[in-house]
Amino acid sequence: MKEFIVLSEEVKAGQAKGLPIVALESTIISHGMPYPQNVQTAREVEQIIRDNGAVPATIALIDGKIKIGLSDEELEMFGNAQGVAKTSRRDLGYLLATKKLGATTVAATMICAELAGIEIFVTGGIGGVHRGAETTMDISADLEELAQTNVAVICAGAKSILDIGLTLEYLETKGVPVVGYGTPELPAFYTRQSGFDVNFKLDTPEEVAAMLRAKWDLGLRGGAVIANPIPEAEALEHEFITSIIEKALQEAEENGIQGKNVTPFLLGKVKELTEGKSLDANIALVKNNAVVGAKIAVAYNKAN
């Protein structure tokens with residue numbers, strides 16, 4: 001297994017010193033934002049992690065290896081390259097064997113982070129149960145990964161393009177704790193409200209770290225969702241974004257968009273229909289999650 005893992009010099013040095021490491025996904029760079037905002041945001045998020053006492057480890061597949069920590073040139077390449085594969089659990093073996101470029105989703109980033117001994121992962125939002133899943137069976141692999149991989153995902157909740165109620169039901173069935181960081185309500189990515197309660201409200205990095213330690217010390221396999229609301233000043237109005245998403249969903253159906261193409265299509269339409277406000281919100285929430293994730297990583301590291 002170790003033959004596939006390559007640590008950056010920064011991550012290698014951080015692990016040798018016993019510093020907290022924070023995993024970051026690369027799909028947000030290659031598929032989640034346009035250039036050059038994607039690369040600029042990736043660099044700024046990494047610096048936020050450093051400024052808050054942890055080491056950033058952006059994860060991607062390059063030349064048959066799982067890279068744990070990307071160089072500045074590699075971040076730029078993922079922001080510009082065409083044909084980068086969006087990589088989930090099912091794709092890892094194929095992409096490594098064929099030495100193709102792969103940008104890791106939440107699910108794949110969790111797998112690679114656990115292989116590298118990293119327990120804390122920061123992203124924008126998790127995937128979930130898509131609207132209409134009772135007939136399409138369109139359910140993100142992120143949820144199954146949360147059920148079996150020991151990595152905590154700090155995010156701004158589930159994207160509001162999903163069926164949030166069914167997503168929470170799925171996570172409950174799989175025994176995945178959903179924690180609201182400073183909130184009793186699950187945030188919905190662009191908004192601080194979803195209308196659904198979280199399982200637990202925790203208010204400090206130390207409380208989150210203690211919960212994670214207790215869960216994993218008990219041998220309870222699986223991750224945790226740490227849902228951190230978008231900053232109030234950057235949040236979109238719930239009614240506004242709901243109406244935009246309804247329009248985007250209708251266009252997706254009319255154009256026959258299905259499967260893994262649905263999320264990029266919807267996010268693109270939401271950006272277009274909100275005249276760019278959704279991109280500003282996306283960038284703000286990822287940076288906010290980086291601050292909280294780094295602090296949780298520091299607290300978790302101290303608790304070990």
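Modeller: Helix α3 gives the most to the lining of the largest cavity, namely four residues, where helices (H or I, at least four residues) and strands (E, at least two) are DSSP runs numbered from the N terminus. The model is a predicted one, in which local features need pLDDT of at least 70 and side-chain atom pairs count only at pLDDT 80 or more, while totals for chains, interfaces and linings use all residues. Residues are numbered from 1 along each chain as its sequence is written, and side-chain values use heavy atoms, with hydrogens and water left out.

Colleague: What makes a space a cavity, and what makes it a pocket?

Modeller: On a 1 Å grid over the protein atoms alone, a cavity is a set of points where a 1.4 Å probe fits but cannot get out, whereas a pocket is an open set with protein on both sides within 12 Å along at least five of seven lines; a lining residue has an atom within 4 Å of a point. Across the whole structure, the search finds two cavities of 30 Å³ or more.

Colleague: What is the volume of the largest cavity, and which residues line it closest to its centre?

Modeller: The volume is about 130 Å³, a volume being the space filled by probe spheres set on the grid points, which are joined across faces, edges and corners. Of its 13 lining residues, Glu25, Ile28, Ala42, Val45 and Val286 are the closest to the centre of the largest cavity, and the elements that give two or more residues to that lining are α2 and α3.

Colleague: How many residues of each class line the largest cavity?

Modeller: Ala, Val, Leu, Ile, Met, Phe, Trp, Tyr, Cys and Pro count as nonpolar, Asp, Glu, Lys and Arg as charged, and the others, Gly among them, as polar; by that rule the lining of the largest cavity has eight nonpolar, four polar and one charged residues.

Colleague: Which residues of α3 and α4 meet?

Modeller: Taking contact as heavy atoms within 4.5 Å, Asn38, Val39, Ala42, Arg43 and Glu46 in α3 meet Asp72, Leu75, Glu76 and Gly79 in α4. These contact residues divide into three nonpolar, two polar and four charged.

Colleague: What is the volume of the largest pocket?

Modeller: The largest pocket has a volume of about 720 Å³, and of the 35 residues that line it, Lys86, Thr105, Ser140, Asp142 and Thr263 are the closest to its centre. Two or more lining residues come from each of α2 (27-30), α8 (141-148) and α12 (262-273), with α12 giving the largest share, three residues.

Colleague: Which element gives the most to the lining of the second largest pocket?

Modeller: That element is α11, with five residues, in a pocket that holds about 390 Å³ of space.
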